Amino acid sequence: MFEENPANPVAAETNGSSAAAQSTGTSADTPNSATSGELSEAASPGNSGGEAPSAARTVAVALAGWLLPGLGHALLKMWGRALAIFLTVGFLVYLGAGMRGNVFEPGGEDAFARLGYVADAGTGSFYFVARALESAGPDVSHADGDYGTRFLATAGVLNLLAALHAYEAARGRKA
Amino acid sequence: MVPLHFSHFQSLLLFALIISLAFGTLGRRKPIERVKYAAWSFAMFLLVGIALGWLMYPFSK
């Protein structure tokens, strides 16, 4: 289901191929044993020269991943993860809005509302999708709405986690 | 959009399934490890969720 780019050593290793592991002299089971140079090159498909990834590029990858779930991994040609993140975050937002969860707005009255907004905004552009989908407004008087609020917050936190993962992968720390 | 209605258990199942898939995809490299981790995570979500539900049951009366 999740085909990764075979030209990308990280992606090939993700698929369980031993070719990438042999080319870098590392085992697929022990990816952390590679030197930092190998990992940097492996995690940066466009960085064929082997130089360290630029800070601007890694930050751009993280920001892209936040703005559109999965885009950060897509830029790294990690297609399977990109698709999985896009679908999971998108499905959580769809369910949360469909269950009429609370989509918090900026400038909340208390700490919970402000924290809720931070979590919801973690979905990036999907925050506006949630608001557009929830045309009837939130209804947390039933359990559905309460669960929907958690689904939306979880979507945001999950997307932030994925953006951080893309950032680390772009830096060559893990993939 | 049409409002969605789920029972508590259905919500738990959906949540556990989606988050487990995401954890498995992000947390592991090899496909078989991803499946194992996602299955383990899904089972733990259900087990802990149901256990906590029963623990809180006496306080609901």
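The structure is a predicted model, in which local features require pLDDT of at least 70 and side-chain atom pairs count only at pLDDT 80 or more, whereas totals for chains, interfaces and linings use all residues. Residues are numbered from 1 along each chain as its sequence is written, and chains are lettered from A and ligands numbered from 1 in the order in which they are written.

Chain A contains 9 helices and 0 strands, where helices (H or I, at least four residues) and strands (E, at least two) are DSSP runs numbered from the N terminus. Along the sequence, the pattern of chain A reads α-α-α-α-α-α-α-α-α. Of the 175 residues in chain A, 44% are buried; a residue is buried if 20 or more other C-beta atoms lie within 10 Å of its own, exposed if 12 or fewer, and partly exposed in between, with C-beta atoms placed from the backbone. Among the contacts in chain A with a separation of 6 or more, 66% join residues 24 or more positions apart, a contact being a pair of residues whose C-beta atoms, placed from the backbone, lie within 7 Å.

The axes of helix 6 and helix 9 of chain A come within 7 Å and cross at roughly 160°; axes are lines fitted to C-alpha atoms, for helices over the stretch in contact, and angles run from 0 to 180 degrees between N-to-C directions. The two helices of chain A, helix 6 and helix 9, are therefore roughly antiparallel, the term applied to angles over 145 degrees, while those under 35 count as roughly parallel, 65 to 115 as roughly perpendicular and the rest as oblique. Residues of helix 6 of chain A in this contact include Ile85(A), Val89(A) and Leu92(A), and those of helix 9 of chain A include Phe151(A), Ala155(A) and Leu158(A). By class, the contact of helix 6 with helix 9 of chain A comprises 10 nonpolar, 5 polar and no charged residues; Ala, Val, Leu, Ile, Met, Phe, Trp, Tyr, Cys and Pro count as nonpolar, Asp, Glu, Lys and Arg as charged, and the others, Gly among them, as polar.

Lys77(A), with phi near 60°, lies in the loop between helix 5 (71-75) and helix 6 of chain A. Lys77(A) is partly exposed, with 16 other C-beta atoms within 10 Å. Arg100(A), with a phi of about 60°, lies in the loop between helix 6 and helix 7 (111-121) of chain A. Arg100(A) is buried, with 26 other C-beta atoms within 10 Å.

The contact between the chains takes 18 residues from chain B and 26 residues from chain A. Helix 1 of chain B (residues 8-27) supplies 10 residues, the largest share of the side of chain B that touches chain A. That side of chain B divides into 12 nonpolar, 4 polar and 2 charged residues. The buried residues of helix 1 of chain B, including Ile18(B), Phe23(B) and Leu26(B), pack against helix 6 and helix 9 of chain A together with helix 2 of chain B.

How values were computed:
Two residues are in contact if their C-beta atoms, placed from the backbone, lie within 7 Å.
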